[in-house]
Structures are given as structure tokens and as C-alpha cells.
Amino acid sequence: MFYQVLKYLLLGPLLRLVFRPRIEGLDHVPEEGAAIIAGNHLSFADHFVMPAIVPRRVTFLAKAEYFTGPGLKGRLTAAFFRGVGQIPVDRSGGRASQAAISSGLSVLRKGRLLGIYPEGTRSHDGRLYKGRTGVASMAIKAGVPVVPCAMIGTFEAQPTGRRLPRIMRITIRFGAPLDFSRYAGLEDERIALRAVTDEIMYAILTLSGQEYVDTYAGEAKAAAQAQARAHGRRGHGRETAD
């Protein structure tokens, strides 16, 4: 009930007003049955804009930090994300990754739409980064199609660190569903998982037109932060010397 109120009465109309989304290829999203919608991740707004325009309910795997924040704000944030059907996942890797895959498979076995960002985290610079193979594992194990999706303009509207989005038009573009039934039984083969993931990322790249970087987004972000800190220390040292 809360999901329907948000989508059709509160959040949905507001998002359409702020972003005036141009929708392309929505007919590629199946009207029934399980499927994965795999998209690029440029902004916090991505979590809400795309599900708001898809007629069916989309359940996303969201980082656990959204559900564990302290104080009243943390509790309200957690309640909101649960209300819109988000599932918390631990992104620390190892067993946590398997738990996330299990959560996603549970959604798909119910015949629902699962939303996922193969990059694993938001792009810090607007480029498209290497995909994690969890999406491939779920697609092969569940035997479901993957619909590639590109968010265009959300980085400019609300980049990382910006609390309120700019009022501007964005585009949401869906591609033809990708069929990976030829990989049935190979869900534990690393080469197969990488091949499927790369095919998904190439489809997203074709839709989005982004520059592609063959590095994981988390690693690139950490390297950029480390470089900024080092630059700051060098700058501070020069100021002290002067």
C-alpha cells in the first residue's frame, strides 16, 4: 500500500515534475514474469526515477547502509527504503555477496522484476565502470532475461554529494532483453559469468553513450579519493613552507 501511494500519489508525480523524464524502449520491459533490469548508476535519484515510470513494481537490491543509519533520520530512511520495496544487501564481498544473490533470486522466483546496478556503486565521475558478476549469476540461475537500462542526465541533475537535484530533463532508455539461456548450468564458471556480465555492460554502454572504464567503480573512487588527499597534503605543505 505504501509503495502504491508513493509511486502514484506522492513521489512519482514529484519526480516527473522535477525531471520530466523522456522514456525510450519501455516496451522492452516484460509485462509479466520475472526479469532483471540492469542499469548504470549515476545518482541517488536513480533509485526512484526509473521505478516510478515502470508500470510494474521493481525491487532493488540497496546497500545495507541505507537501513542502518543512526537516530531519527536513520530510522526514517530505513522505513522509506523498506516501504518502497528495497532489499538491504551487504557489499563487503565473500559470503555477503552470496547472500545478496540469494535475496535477488528470491525476488525472481516470485515472478517479479529485480533492479540491479552491476557497477555496485554510483559512478563518481559520470563514466561507466566494470560490472560485478552477481547479475550474471542471478540471470543464469533463475533463467530470466536481462533488460539493459541507461539513465542519462541524472549525474548532471544530482551528482554524488549534491543533496537536492537540479530541475532538468533526463532520459531513461531501455534496450531489448538479453537471453542467456545458452549458459544454463554454467553459473559457477568464472569465464561464463564474466562473459555474461560484459555483454550486459556493453548493452548499457550502447544505450548510455558513456565513456567506459575497465576498472571497478569502487576501486576507481577509492583511488581518486586517495589522490585528492595526497594532493591536499602537498598543498598544505607548500602553504606551510611559504
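Which helices each supply at least two residues of the lining of the largest cavity? They are α1 and α2 (46-53), where a helix is a DSSP run of H or I with at least four residues, a strand is a run of E with at least two, and both are numbered from the N terminus. The structure is a predicted model, in which local features need pLDDT of at least 70 and side-chain atom pairs count only at pLDDT 80 or more, while totals for chains, interfaces and linings use all residues. Residues are numbered from 1 along each chain as its sequence is written, and side-chain values use heavy atoms, with hydrogens and water left out.

The chain contains eight helices and nine strands. Its radius of gyration is 19 Å, close to the 18 Å that the globule rule gives for 242 residues, so the chain is as compact as a globular protein of that length; the radius is taken over C-alpha atoms, and the rule is 2.2 Å times the number of residues to the power 0.38.

A cavity is a set of points, on a 1 Å grid over the protein atoms alone, where a 1.4 Å probe fits but cannot get out, and lining residues have an atom within 4 Å of a point. Of the 13 lining residues, Y3, L11, F48, P51 and V84 lie nearest the centre. Helix α1 gives the largest share of the lining, six residues.

Five salt bridges are counted, each a side-chain nitrogen of Lys or Arg within 4 Å of a carboxyl oxygen of Asp or Glu. One of them joins the side chains of R173 and E24 (2.6 Å, N to O). This pair links distant parts of the chain, with R173 in strand β8 (residues 171-174) and E24 in strand β1 (residues 22-24), 149 residues apart.

Terms used
On a 1 Å grid over the protein atoms alone, a cavity is a set of points where a 1.4 Å probe fits but cannot get out, and a pocket is an open set with protein on both sides within 12 Å along at least five of seven lines; lining residues have an atom within 4 Å of a point.
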